[in-house]
Amino acid sequence: MPGTTPPHGEHTPSGPPHSGYGLTDPPPSVPAEASLGAPSVPAKASLGAPSGGEEEHHAASPTLASLLATGAGEALELVRAPLGSGVPVHGVGVFDSGETLAARGQVLIAAGVDDSSDVAPLALRSAARAGAVAVVVRRGASGPTRRLLEVADETSTALLTRAPWVEWTELIGMLRAGLAHRGGPAGAESLSDVPLGDLPALARALAELVGGAVTLEDPDSRVLAFSPTENGADPLRRLTILGQQVPRWRLDELAASGFLRTLWSTDDVVHRPAEERFSERLAIAVRAGEEVLGSIWAAADGSPLPSDARQALREAARVAAPHLLHHRLSARNGSSRRRQALRALLEGTGDARSAAATLGLDLDTPCAVLSVTTGGATADGKADRSAVDSRTVDGRTADGTTEAAVHERALRLASLQVTAHQPAGFAQRSQGRLDVLLPLPGERPEPAGGRAPRADTAHAGEEPREGDIRARRLALQLAGAVREAGARPLVAIGPAPTGLDQAPGSLERAHLVLRVLLERPARAGELEVADESDVRAAMDAMRVVRAVGELTPAVDGPVRELLAHDAEHRTDLAPTLAAYLSRFGDVAGTARQLGIHPNTLRYRLRRLRTRFALDLDDPDVRLLAELGLRAAGRHPAPAGSPGHGPEAEA
């Protein structure tokens with residue numbers, strides 16, 4: 001059977017010869033967590049470095065300073081360290097006020113404890129009594145309390161705070177990587193001197209150790225780093241390195257031969273003899289506990305691999321584990337920081353200058369802000385039954401996909417379009433919408449409160465600005481991506497260009513445009529892409545409704561009763577009233593819009609007067625009724641509003 005274990009710990013699976021490259025999804029014997037984010041962390045357990053044999057127990061313990069010098073230092077702030085940062089650290093644990101007696105020498109993670117809470121000083125004292133080296137709490141908006149700082153100065157336990165952009169599981173993984181790492185400062189490329197996370201340096205050092213050309217790969221067969229070859233790479237190694245991933249055809253061969261199953265199911269070296277065009281290979285999976293982090297491949301480089309290469313590769317897998325774990329978490333944490341920075345810029349929270357720097361932008365960089373959803377989303381941006389185009393039947397598309405799935409796919413494609421745009425934009429999901437920040441280098445920001453002209457039509461003799469043209473060009477591309485997913489696109493453009501510090505206001509105006517497109521398709525003329533100039537009258541009316549909302553309750557009196565009656569009896573009196581008001585009392589036109597007979601409409605109007613005391617000959621009553629319907633999102637009525645309610649109950 002492929003994947004059996006030959007004597008002496010060397011694995012040689014049957015099947016076609018192997019190039020020494022490539023992984024696919026882990027087999028069932030590998031836990032599902034192996035391909036997901038940070039390693040799982042059991043509560044109340046010691047979370048030290050991955051075991052590496054007896055020799056590791058004799059290695060010098062890392063100190064708090066060396067731990068902070070790794071990637072964990074980016075996510076932690078050292079608030080107090082009464083004994084200094086040179087104290088040794090023996091492990092990482094989860095704080096539990098009832099079970100911390102065995103915490104000597106550990107860094108304790110106090111998940112859920114904020115540095116501004118009353119619990120934080122108690123947690124710090126408890127950790128100090130247990131002999132913990134340090135305790136980590138969440139960094140709050142107002143910072144540590146005076147009481148917490150006083151307790152920190154009185155105890156021997158260091159106090160650290162966790163940055164908001166990193167999750168607890170990610171932080172624990174970073175600390176595990178730091179504990180497993182025994183390296184020092186960068187210098188000669190021996191294994192002990194490779195800085196944590198420097199994968200190119202690690203590949204070169206491993207090549208020296210193993211005596212061949214080394215490639216590091218992630219679990220999805222992507223090349224993370226490789227060592228130079230002295231005698232020229234064989235064709236497959238060259239293809240893999242140039243393409244930054246294993247060719248698809250080779251992956252198919254490896255899966256069919258059983259080689260991959262063997263690789264993922266053993267902790268030992270897997271061997272592949274030389275082929276006609278490909279040199280001999282050795283491979284080993286890299287793990288942190290049960291989690292698969294990637295693999296190391298060693299290829300003969302001009303001469304056969306040395307006899308001790310297998311033992312060297314086993315040692316290489318142990319040493320590489322913290323490096324690959326650090327690399328994975330650093331990439332994920334960088335993504336988390338960018339998401340937090342984008343949210344801060346779009347929502348106007350936090351320090352805009354530092355948020356802009358995180359995205360690689362200057363605060364004065366001009367930008368455009370857009371918002372995208374699908375045609376049937378509700379006013380709050382959440383998809384409803386009409387979220388896709390007319391090709392849907394009974395809530396499913398022609399291929400059987402649900403409308404919610406189409407909505408999700410449409411926003412994913414739009415997000416990819418934002419990333420592929422030049423210059424690349426930034427996108428975030430929010431309440432069923434995709435909000436987009438598009439940098440416009442070279443443009444001059446529109447003054448705050450200024451008005452951006454349409455890109456396709458100049459207003460009052462004004463030529464459209466280049467920034468507005470670029471924003472609309474992206475908007476049209478986003479509409480195409482949404483349409484490609486089978487949904488009707490709605491794309492709103494905020495004033496462009498605007499400064500990054502004005503992005504929240506621009507986003508608010510884009511959301512208002514989007515609300516008009518969602519609530520007033522008839523008045524918006526079935527627009528799919530619009531800015532303020534396209535729907536200005538509807539936006540102004542919406543602003544008026546909002547402004548008088550405090551003075552005129554949103555839905556009160558007869559209108560409230562009317563909506564409740566429709567909901568209870570499944571009648572269409574509210575749409576009838578909205579259409580009648582939109583048509584300025586034109587009975588024939590309203591009947592045509594509703595698809596009912598004029599006499600049916602007159603009957604409904606009489607019911608509105610007698611049942612709900614709505615005297616539609618009174619201009620004040622008409623005004624208040626319209627305001628109430630607008631506030632409820634029922635006015636103006638779209639074309640083709642329902643006209644089939646049970647008349648007997650009207």
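Axes are lines fitted to C-alpha atoms, for helices over the stretch in contact, and angles run from 0 to 180 degrees between N-to-C directions. Helices (H or I, at least four residues) and strands (E, at least two) are DSSP runs, numbered from the N terminus.

This is a predicted model, where local features need pLDDT of at least 70 and side-chain atom pairs count only at pLDDT 80 or more, while totals for chains, interfaces and linings use all residues. Residues are numbered from 1 along each chain as its sequence is written, and side-chain values use heavy atoms, with hydrogens and water left out.

So, confidence. pLDDT is the predictor's confidence in each residue, from 0 to 100. The protein chain averages 77, and 75% of the residues score at least 70. Over residues 14-59 the pLDDT is below 50, and that stretch has 124 contacts in the model beyond near neighbours in sequence; contact here means heavy atoms within 4.5 Å. Residues 183-189 are also below 50, with 11 contacts beyond near neighbours in sequence. Where pLDDT is low, the predicted coordinates should not be read in detail.

Let's go to the sheets. Strands of a sheet pair through backbone hydrogen bonds, either parallel or antiparallel. For us, two strands pair if DSSP finds at least two bridges between them.

Zoom in on E4 (residues 134-138) and E5 (residues 158-162): they run parallel and are joined by five bridges. Who does alanine 134 bridge to in E5? That's alanine 158.

Now the helices on that sheet.

Ala120, Pro121, Leu124 and Arg125 of H2 meet Arg147, Leu148, Val151, Ala152 and Glu154 of H3. Counting the residues of that contact, you get six nonpolar, no polar and three charged. In that scheme Ala, Val, Leu, Ile, Met, Phe, Trp, Tyr, Cys and Pro count as nonpolar, Asp, Glu, Lys and Arg as charged, and the others, Gly among them, as polar.

Next sheet. Five strands again, open, in the order E7-E6-E10-E9-E8, and this time the pairing is antiparallel. Strand E7 (223-226) and strand E8 (270-272) are the edge strands, each pairing on one side only. Neighbours in this sheet are turned by 20 degrees against each other on average, direction ignored. Strand E6 (residues 213-217) pairs with E7 over three bridges, and glutamate 217 stands opposite valine 223. Helix H5 (residues 199-210) lies across E6, E7 and strand E10 (291-299), at about 140 degrees to E6. H6 touches E6, E7 and strand E9 (281-288), and its direction makes about 40 degrees with that of E6.

Glutamine 244, in the loop between helix H6 (235-243) and helix H7 (248-257), has a positive phi, near 60 degrees. The peptide bond from glutamine 422 to proline 423 is cis, with omega near -5 degrees.

Last stop: helix H16 (residues 573-582) and helix H19 (residues 619-631) pack at about 120 degrees, axes 11 Å apart. H16 and H19 are therefore oblique to each other. Ala574, Leu577, Ala578 and Leu581 of H16 make the contact with Arg622, Ala625, Glu626 and Leu629 of H19. That contact divides into six nonpolar, no polar and two charged residues.

How values were computed:
Parallel < 35°, antiparallel > 145°, perpendicular 65-115°, else oblique.
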